[in-house]
Amino acid sequence: MQVIYNLGINITQLVLKFISIFNHKLRLGVTGRKDTFNIIKSQISKSDKTLWFHCASLGEYEQGLPVFKELRKTYPTHKIVLTFFSPSGYEIRKNTDIANVVVYLPIDTKTNAKKFLDLVNPELTIFVKYDIWPNFLNELKKRQLKAVLISALFRDNQIYFKWYGGFMKNALFAFEHIFTQDVHSKSLLKNINYNQVTVSGDTRFDRVYSQLDQDNTLGFIQAFKNDKLCLVAGSTWPEDDVFLVDYINSLENNDLKFIIAPHNINAPQIQKLKQSINKKTILFSEKKNASLEDFQVLIIDTIGLLSKIYSYANIAYVGGAVGKTGLHNTLEPAVFGVPIIIGENFKHFPEAKAMIENKGMYSIKNADNLKDTLNLLIKNTDFREDSGKNNSNYIKNNTGSVVQIMSYLRR
């Protein structure tokens, strides 16, 4: 298995270089990895004490952030190296102040693992959720360097739990401790005789709960909403937009406000969305000197504002589960105590299942489902508010993961 894996990694490295010629996102990663070692050499010296945080992408970064912040306080003189595998994480958070150095993780070859750890030599390594790279982890283990996996979520069909998955399974034993999101993940680990496990829950709950302590004020959203009922549709894809636009265009009531924050904000797609709406619509980029209260639909063609925008929602729609792209973050709107609507493809998202069971979230299959659900939430104030309270209580009741993890790490 080890030979096959290493052969596959080297082939993958070559294939990525070729495909990146035609794919902008892949090209960012391939180009960025060329600079990794030079950046580290310029920022980290042999005398520096370091911590290494690794996240696959932006979602895992947001998940790990509450722990990262606490570790930053606990080790104020250490330099922190933050690595990403995906451009969607690196490009958005490459300037984060949580780390001293932010780089792409080199491809998981034995040579790269040794070179990386020679340069960084971390006193503590934190991996978030998954992205298990066996050569890096085995090298950490050889050097007896402390590593911990947080917010881990495992499934029965993963390679670690198959008879042929020995090489990948062994990589998990490089972690001194694994903090899982649920009991089932702990049971799966015990089945392979990994016993240093704590069910601490999902650190994302702590992350979103902390949003309540921040200033979420956005003056332009206040002006647009103008004290009217507002639906915020976050991280939508074209298949989500079809349902939403159908509902918006069918409305006779012009008092209901809509904010749509698409996942992709490329100009042609944004213009296509705007042109499909027959209500008075404005883009975020067009808001200067506009009387926002006169518009019924606001399209957010920028990034970084959605978590605050959700604080103005009376109803939230979260994209990704109508198609196959994957449900986006439903905890962000839930913390503000609003009911949430999603598509039907949510089976790999335990928080969505829980909120549906708690009667705070509603799954729709088609435009008619969306219309019926929205009409119920709009017309029945008590039902809407009770649904929202169910979501905020769910978030509050699931916080505390960071406390458990930090209690272990401070020992």
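Helices (H or I, at least four residues) and strands (E, at least two) are DSSP runs, numbered from the N terminus.

## Basis of the model

The model is predicted: local features need pLDDT of at least 70, side-chain atom pairs count only at pLDDT 80 or more, and totals for chains, interfaces and linings use all residues. Residues are numbered from 1 along each chain as its sequence is written, and side-chain values use heavy atoms, with hydrogens and water left out.

## Asn10 in helix α1

Helix α1 covers residues 2-19 and contains Asn10. With a relative accessible area of 38%, Asn10 is partly exposed; buried means under 20% relative accessible area, exposed over 50%, and partly exposed in between (1.4 Å probe, protein chains only). Between Asn10 and Asp108 there are 98 residues of sequence separation, while their C-alpha atoms are 8.8 Å apart in space.

## Packing of α2 and α5

Two packed helices are described by the angle between their axes and the distance between the axes. Here axes are lines fitted to C-alpha atoms, for helices over the stretch in contact, and angles run from 0 to 180 degrees between N-to-C directions. For helix α2 (residues 24-43) and helix α5 (residues 110-120), the axes come within 10 Å and cross at roughly 15°. That angle makes α2 roughly parallel to α5; angles under 35 degrees count as roughly parallel, over 145 as roughly antiparallel, 65 to 115 as roughly perpendicular and the rest as oblique.

The α2 and α5 crossing is left-handed. A crossing has this hand if the near helix is turned anticlockwise from the far one by less than a right angle, and is right-handed if clockwise. On the α2 side the contact (heavy atoms within 4.5 Å) is made by Phe37, Ile40 and Lys41, and on the α5 side by Asn112, Lys115, Phe116, Leu119 and Val120. By class, the residues of the contact of α2 with α5 are 5 nonpolar, 1 polar and 2 charged. Ala, Val, Leu, Ile, Met, Phe, Trp, Tyr, Cys and Pro count as nonpolar, Asp, Glu, Lys and Arg as charged, and the others, Gly among them, as polar.

Lys114 is also found in α5. At 41% relative accessibility, Lys114 counts as partly exposed. Not counting residues up to four places away in sequence, Lys114 touches Glu139 and Arg143.

## Packing of α11 and α12

Helix α11 (residues 238-250) packs against helix α12 (residues 267-276) at an angle of about 25°, with the axes 10 Å apart. The two helices, α11 and α12, are therefore roughly parallel to each other. Their crossing is right-handed.

Pro238, Asp241, Val245 and Asn249 of α11 make the contact with Gln269, Leu273 and Ser276 of α12. The contact of α11 with α12 has 3 nonpolar, 3 polar and 1 charged residues.

## Annotated domain and active site

An unreviewed UniProt entry places the feature "domain: 3-deoxy-D-manno-octulosonic-acid transferase N-terminal" at residues 41-206. UniProt positions are given in the numbering used here, feature names are shortened, and annotations may be inferred rather than shown by experiment. The span 41-206 is 40% helix and 21% strand, and its end C-alpha atoms lie 34 Å apart.

UniProt (unreviewed entry) also places the feature "active site" at Glu60. Glu60 is in helix α3 (residues 58-74) and, at 8% relative accessibility, counts as buried. Leaving aside neighbours within four places in sequence, Glu60 is in contact with Cys55, Val128, Lys129 and Tyr130.

## Loop residues

Most residues other than glycine have a negative phi, and most peptide bonds are trans. Asp131, which is not a glycine, has a positive phi of about 65°. Asp131 is in the loop between β4 (124-128) and α6 (134-142), and its relative accessibility of 14% counts as buried. Asn193 also has a positive phi, near 65°. Asn193 lies in the loop between α8 (183-191) and β7 (197-199), and at 60% relative accessibility it counts as exposed.

Ile98 is found in the loop between α4 (87-93) and β3 (101-104). At 6% relative accessibility, Ile98 counts as buried. Beyond neighbours within four places in sequence, Ile98 is in contact with Tyr61, Leu65, Phe68, Lys69, Arg72, Ile80 and Leu82. Ile98 and Leu140 are 42 residues apart along the chain, and their C-alpha atoms are separated by 23 Å.
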